[in-house]
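Here is a short walk through one structure. Keep the sequence and the 3D view at hand as you read.

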Amino acid sequence: MRYEAEDADFARANARYAAGGASNGVVVGGIDFADSRVTFTVRVPRAGEYRLFTRFANGSDGGAASHTLTVNGVASGAVDYPVTGWDNWQVSERSVTLKAGDNLVSYGKGALYAEIDAIDVA
């Protein structure tokens, strides 16, 4: 199931329109502050381990970037992004544990800077 970043709830971050190559042409960036958040409501049929695919671009001059990850209010490590260049969309994959029904999956400020286009949960 795909969830578009522009449809998520975000605070101290911003939607960027006409983003080249992005699904729907819109991404969320500016996740630059300690209180920046992009929160997706993810619905799954049963509790268990799921694969989380984050479609991102990282054009940071300093190298690899990351976002902190929180699942249902519990810190769940980081999502790491190698340098791709801006508007060069790649996917970072990791496992998450979700409960049956609605789950809140939040990305926050990590190292350097990256934009989120969408997430897929499988």
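**A buried serine and the charged pairs**

Ser23 counts as buried, because its relative accessibility is 16% and the cut-off for buried is under 20%. Bear in mind that this is a predicted model. Find Ser23 in the loop between strand E3 (14-17) and strand E4 (26-29). Now look at what surrounds Ser23. Setting aside neighbours within four places in sequence, Ser23 is in contact with Arg2, Glu4, Glu6, Arg55, Asp117 and Ala118.

Turn next to the charged side chains. Side chains of opposite charge can pair when their charged atoms come close. How many salt bridges does a search of the whole structure find? The search finds seven. Three of them are described here, one at a time.

Start with Asp35 and Arg12. Their side chains meet in a salt bridge, at 3.6 Å from N to O. Asp35 lies in the loop between E4 and strand E5 (37-44), and Arg12 lies in the loop between strand E2 (9-11) and E3, so the pair ties together parts that are 23 residues apart in sequence.

Move on to Arg16 and Asp87. Here the side chains form a salt bridge at 2.6 Å, N to O. Arg16 sits in strand E3, while Asp87 sits in the loop between strand E8 (74-81) and strand E9 (90-98), so this pair ties together parts that are 71 residues apart in sequence. Arg16 has a relative accessibility of 26%, so Arg16 counts as partly exposed. Asp87 has 32% and therefore counts as partly exposed.

Then go to Glu93 and Arg51. A salt bridge joins them, and the closest N and O atoms are 2.7 Å apart. This pair links distant parts of the chain. Glu93 is in strand E9 and Arg51 is in strand E6 (residues 48-57), 42 residues apart. Glu93 is partly exposed, because its relative accessible area is 44%. Arg51 is partly exposed too, with a relative accessible area of 30%.

One last step remains. Which residues do salt bridges with shared partners join into one network? They are Arg16, Asp87 and Glu115.

Notes. Residues numbered from 1 in each chain as written. Predicted model: local features only at pLDDT ≥ 70, side-chain atom pairs only at ≥ 80, totals over all residues. Heavy atoms only, no water. Helix = DSSP H or I, 4+ residues; strand = E, 2+ residues; numbered from the N terminus. Buried < 20%, exposed > 50% of the residue type's maximum accessible area, 1.4 Å probe, protein only. Contact = heavy atoms within 4.5 Å. Salt bridge = Lys/Arg side-chain N within 4 Å of Asp/Glu carboxyl O.
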